[in-house]
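Dear colleague,

Please find below the structure that I am handing over to you, followed by an account of what was found in it.

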Amino acid sequence: MSDIIAQLEAKRAEAMLGGGQKRIDSQHAKGKLTARERLEILLDDGSFEEIDMYVEHNCVDFGMDEQHIPGDGVVTGSGTINGRLVFVFSQDFTVFGGSLSERHAEKICKVLDNAMKVGAPVIGINDSGGARIQEGVASLGGYADVFQKNVLASGVIPQLSLIMGPCAGGAVYSPAMTDFIFMVKDSSYMFVTGPDVVKTVTNEIVTQEELGGAVTHTTKTSVADVAYENDIEALLAARDFIDFMPLSNREEVPERPTADPWDRLEESLDTLIPDNANQPYDMHEVIRKMLDEGDFFEVQPAHAGNIICGFGRMEGSTVGVVANQPMVLAGCLDINASKKAARFVRYCDAFNIPIVTLVDVPGFLPGTSQEHNGIIKHGAKLLFAYAEATVPKITIITRKAYGGAYDVMASKHLRGDLNYAWPTAEIAVMGAKGAVEIIFRGKTPEEIAERTAEYEARFANPFIAAQKGFIDEVILPHSTRRRVALGLRKLRNKQLENPWKKHDNIPL
């Protein structure tokens, strides 16, 4: 028996070493952790239980039958984050460059299947040279198998991708179909075709970082959500992030004990809105003063800054927050903001996360660039997402809510449950000056000024909308947290279903 145990220990030691010490040292020299080191940081101490440690590839071509390393380039299994179950896979760049083989893909598929069966999030750590060329189409088939599992898991269990090295070609589509993507600056990149192919085909000269680095994908493309300085920061952020998520679409949002009183008043909010309607203020201040302990996990903070999306807690329970940001483009909705917020709203709805919307929107951003790039269809995505959502929806208009943008931002007409306004709210088809110049075209400047004052007196307040029942209550800014907390309590048992359908046809 002791001999058998010794053999097992030797086999385990071989698998734990991956591609060998030399390749591990090379990984460290690049400022990157190994696949197993990453899991040690991500998961609770001692909680990781590995499966398929001894799996090896089945390729016999191009000398591969002479190279067999247990695990085949990906470490898979499950563990806990702050005591809650998660399933994980971590690609091992020290083994065949982390390249995906048929068996490698089968291991990832098994993790996704197990997570779906029990209802638990999946966190994938990507660090791979792409498809294993020696296996040809079998490796491509492996990618497609993973893609299919990602699609079936979408909306059932949360899926988080951490890009911690190369992720190119077909490999990019699996993370792209997961819910959120975190990247690491200077060591991770994603692109369909690399710089060499780009140069050959289009004659453009571009670096890997410029083409598909973490900064590019978190600022320009919105492919990724957040960029971190190193592996450790990204992994610790993933732990915090998963704490906000329910285990699956069948589970309630997690609750965390909090000492922050639900009825805490924030007197400073009463003086937040500037007297000058054209002067901006930072909507982050409202968000942090409303949420438990000011804790807010923002997603895509470097992209489409005119809208803020992220997760926080109210009375210990997770909520999603969507807010216009007056400090960027005056808070106008544009193509990027609409897409960013629409995907976030649909995620919250899929996982029963209540949505709190803070509104200060002068309208959609005008211009030929916006119109010619499809602002109509992209703006409709956000409208569709809010209208489709059946989770509790609480909306607070802090200042402006003009035109179609008023409708889109979780208005009462899109089945908003509780729609509040601060006394500073202005709800109208458009700003007073523009409206008067249309209604009273051709009048003298004196008459225009007089009519503008009249229009402002009539519409530059929330009471006309409140008279019609479109605003449930005009609230004092300092009581915003208390009102939202009470509203979420009331809506805890909300039941609302959309008509039966195979699926909707959102304007993609």
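The second largest cavity is lined by 14 residues, and F89, N150, S161, S174 and T178 are those nearest its centre. A cavity here is a set of points, on a 1 Å grid over the protein atoms alone, where a 1.4 Å probe fits but cannot get out, and lining residues have an atom within 4 Å of a point. Two or more residues of this lining come from each of α4, β4 (122-126), α5 and β5 (159-163). Helices (H or I, at least four residues) and strands (E, at least two) are DSSP runs, numbered from the N terminus. The strand β4 gives the most to the lining of the second largest cavity, namely four residues. By class, that lining has seven nonpolar, seven polar and no charged residues; Ala, Val, Leu, Ile, Met, Phe, Trp, Tyr, Cys and Pro count as nonpolar, Asp, Glu, Lys and Arg as charged, and the others, Gly among them, as polar. The space in the second largest cavity is about 70 Å³, a volume being the space filled by probe spheres set on the grid points, which are joined across faces, edges and corners.

Please note that this is a predicted model, in which local features need pLDDT of at least 70 and side-chain atom pairs count only at pLDDT 80 or more, while totals for chains, interfaces and linings use all residues. Residues are numbered from 1 along each chain as its sequence is written, and side-chain values use heavy atoms, with hydrogens and water left out.

Across the whole structure, the search finds six cavities of 30 Å³ or more. The largest cavity holds about 90 Å³ of space. Its lining includes F89, Q91, L100, I108, N126 and S128, together with Y143 and V146. At least two lining residues of the largest cavity come from each of β3 (84-91), α5 and α6 (173-177).

The axes of α4 (residues 102-118) and α5 (residues 137-153) come within 8 Å and cross at roughly 10°, where axes are lines fitted to C-alpha atoms, for helices over the stretch in contact, and angles run from 0 to 180 degrees between N-to-C directions. On the α4 side, E102, A105, I108, C109, L112, D113 and M116 take part, and they meet A138, G142, D145, V146, K149, N150, L152 and A153 of α5. Contact means heavy atoms within 4.5 Å. Nine nonpolar, two polar and four charged residues form the contact of α4 with α5.

Turning to the pockets, a pocket is an open set of grid points with protein on both sides within 12 Å along at least five of seven lines. The largest pocket contains about 1,400 Å³ of space. Of its 34 lining residues, S154, A342, R343, R346 and Y347 are the closest to its centre. Helix α12 supplies the largest share of this lining, with 10 residues. The lining comprises 13 nonpolar, 11 polar and 10 charged residues.

The second largest pocket contains about 860 Å³ of space. Its lining numbers 32 residues, and D349, N352, T390, V391 and P392 lie nearest its centre. Here the largest share, three residues, comes from β12. By class, this lining has 12 nonpolar, eight polar and 12 charged residues.

I242 belongs to helix α10 (residues 231-244). I242 is buried, at a relative accessible area of 3%; buried means under 20% relative accessible area, exposed over 50% and partly exposed in between (1.4 Å probe, protein chains only). Beyond its neighbours within four places in sequence, I242 is in contact with I81, R84, V86, P121, I123 and L160.

E293 lies in the loop between α11 (283-290) and β10 (296-299). E293 has a positive phi of about 55° although it is not a glycine, and E293 is exposed, at a relative accessible area of 54%. E315, in the loop between β11 (307-314) and β12, also has a positive phi, near 50°, in a residue other than glycine. At 25% relative accessibility, E315 is partly exposed.

With kind regards
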